[in-house]
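Walk through this model helix by helix, then chain by chain. Keep the structure open as you read.

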Amino acid sequence: MRPLDWIVLLGTLGFIVVYGIWKTRGSKDMEGYLKGDNSMKWWTIGLSIMATQASAITFLSTPGQAYEDGMRFVQFYFGLPIAMVIISITVIPIFYRLKVYTAYEFLENRFDLKTRSLAAFLFLVQRGLAAGITIYAPAIILSTMLGWSLTMTNLIIGVLVIVYTVSGGTKAVSVTQKQQMAVMMGGMVIAGFMVVSYLPENVGFDDAVAVAGKMGKMNVIDFSFDWDDRYNFWSGLTGGLFLALSYFGTDQSQVARYLGGKSIGESRLGLLFNGLLKIPMQFLILFIGVMVFVFYQFNQPPVFFNEAAKNKVYATPYAEELRGLETRHTVLFQEKQQAVQGLVTALKSEDEAAVTTAQGKVAALTSAGKQVREEVKELIAKAVPGSETKDTDYVFISFVMKYLPTGLVGLLLAVILSAAMSSTASELNALASTTVVDIYKRNVKQHASPAHYVNASKLLTVAWGVIAILFATFASLLDNLIQAVNIIGSIFYGTILGIFLVAFYFKRIKGNAVFLAALLAEGVVLFCFYFTDIAFLWFNVIGCACVVLFGFILQGMIGEKAKS
Amino acid sequence: MKKITTTEPVDTEAPVDKPPFFKSWAGMYWLVIGNLAFLILLFYVITRYYA
């Protein structure tokens, strides 16, 4: 990194933090601190919702996903706009009418205290672990690529977030997310223009997209139905709807964003804004990944994008084998480069036979290149046991570091750190408000001054921030930690969603029935986790379905008992 | 903290401020769903064209 990159990076992040503190100074009571005085307009809410969902991994992994697998990941978001409409119609009016601070308060209104506390507890466990990973995941990639200390990177992200989140509460989170979204989208659009401008002179934008299409990367939509295929139209529409309803309807880190709205209308518009723009935004990020893929058809990519992991192999007896594979990779690339140029020429001549021939040649060489990459991954796993052999997260940052000019490198790093900070800020804010409102104020100290609860919220934001930083710092000591956190999340998420589904849509089921149903459902999920091989993503569905099913059965039993 | 008393979901049909450009919120909802349908159609055309 050059001095100009540091100036751009530190200047951007510093401005956002200082602006957030200045703009939200003087939040004195709970209404102001946890709900931003209900003063936020729809565009602030909309951008805040989008910034909360877009973590650093979105900007690091999504272009890499497109590089490897094409555009089809965008289908994952097809259920989101429908979820935004459903939440706008049903959830928002209820939360507003009850003037709740957290989503879980509603559960006491609908059921009872124990159900509210159970849902809040499940959320705190799940989101508390996730906050650490939100910091750790980009930090490990940035520290690997830039040679920064992992602990320092964790500390920089964590401390900056704590400073403005503690200072201004919910309003600071939302206000800074506006700036962060501007940096994120501005940086990505500039990166997109740069990658297209780096293509060879005889390859225009149309040619680049056509080449990507012929190499199977413009596979935006797939209507075929397959249970095993994670990204197709049907799984995106149904699974995506399910996930978006859980995330936006029951997760306090998102609920807090629209609870701060000036009115029901502003909150609805904020959510609908997300429903309109989320898919185009993901399309744009994926498309940049596809353009990076095309760029690497004319410029030699590394055989393995995580160069630090690859370089470790050179210190082992497998070094010679790796050199051999790299040589094969170079030779194959040179042949493929000529074949892709042939494909461009054929496409321009509109000669279908020539296009088919060139496409076949490119496909064969691509397949051979993939084989070499697989051999390299196997070699890395053998030479350095425990190494991460998935390198798609490193594709985009590797391009940024190697090819973007000075200044833009700093801006793109600001994009990634802004994304990490925006997600973490929402998480810390949600964790603190849930701990204060649903646990402390309701169960420990019911009658205290507003200033007392604001101070408790600030203290708990710091406490959750420190836990997240510690978790992120020691994360590397544990194997498969990210996977473990995802599993823990799936174990609890289904049950939480089930409780809310019953609350909103099944009026017959009352507090005792849903509480017991939730405990039983959690037991079923834990049984599945310990004693079956069911993929953990299905725990969400199982947990949710069990709460509803057991709720009906138990309500029937309790109701009969009461009558008799 | 507000006293919590009810045990049923509250009424969701109370009047709220009007949305921009449309007479009712239903118009806004149809805009979002229509935009989704348009994007799906556009993606289908892109997929077919570049296949």
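This is a predicted model: local features need pLDDT of at least 70, side-chain atom pairs count only at pLDDT 80 or more; totals for chains, interfaces and linings use all residues.

Residues are numbered from 1 along each chain as its sequence is written, while chains are lettered from A and ligands numbered from 1 in the order in which they are written.

Helix H17 of chain A spans residues 408-444, and helix H18 of chain A spans residues 450-474. Helices (H or I, at least four residues) and strands (E, at least two) are DSSP runs, numbered from the N terminus. The axes of H17(A) and H18(A) come within 8 Å and cross at roughly 130°. Axes are lines fitted to C-alpha atoms, for helices over the stretch in contact, and angles run from 0 to 180 degrees between N-to-C directions. H17(A) and H18(A) are therefore oblique to each other. Angles under 35 degrees count as roughly parallel, over 145 as roughly antiparallel, 65 to 115 as roughly perpendicular and the rest as oblique.

Which residues make this contact? H17(A) contributes residues including A:Leu428, A:Ala432, A:Val436 and A:Tyr440. H18(A) answers with residues including A:Tyr453, A:Leu460, A:Trp464 and A:Ala468. Contact means that C-beta atoms, placed from the backbone, lie within 7 Å. By class, the contact of H17(A) with H18(A) has 10 nonpolar, 7 polar and 1 charged residues. Here Ala, Val, Leu, Ile, Met, Phe, Trp, Tyr, Cys and Pro count as nonpolar, Asp, Glu, Lys and Arg as charged, and the others, Gly among them, as polar.

H17(A) also meets helix H1 (residues 3-23) of chain A: their axes come within 7 Å and cross at roughly 35°. This crossing of H1(A) and H17(A) is right-handed. On H1(A), the contact includes A:Trp6, A:Leu9 and A:Ile16; on H17(A), it includes A:Val409, A:Leu413 and A:Leu417. The contact of H1(A) with H17(A) divides into 12 nonpolar, 3 polar and 1 charged residues.

Now the domains. Chain A is assigned domain 1 (3-296 + 401-477) and domain 2 (307-390); the bounds come from an automatic or database domain assignment. Their C-alpha centres lie 35 Å apart. Between them, 8 residues of domain 1 are in contact with 8 residues of domain 2. H9(A) gives the largest share of the domain 1 side, 4 residues.

Two single residues deserve a look. A:Asp251 sits in the loop between helix H10 (233-250) and helix H11 (252-259) of chain A. Is A:Asp251 buried or exposed? A:Asp251 counts as buried because it has 22 C-beta neighbours inside 10 Å. A:Ile140 lies in helix H7 (residues 113-146) of chain A. A:Ile140 has 19 such neighbours, so it counts as partly exposed. The cut-offs within 10 Å are 20 or more other C-beta atoms for buried, 12 or fewer for exposed, and in between for partly exposed.

Finally, chain B. Chain B has 1 helix and 0 strands. Of its 51 residues, 14% count as buried. In the interface, 34 residues of chain A are in contact with 28 residues of chain B. Elements giving two or more residues to the chain A side include helix H5 (80-98), helix H12 (264-298) and helix H19 (481-505). That side has 19 nonpolar, 7 polar and 8 charged residues.

Definitions and conventions:
Two residues are in contact if their C-beta atoms, placed from the backbone, lie within 7 Å. A crossing is left-handed if the near helix is turned anticlockwise from the far one by less than a right angle, and right-handed if clockwise.
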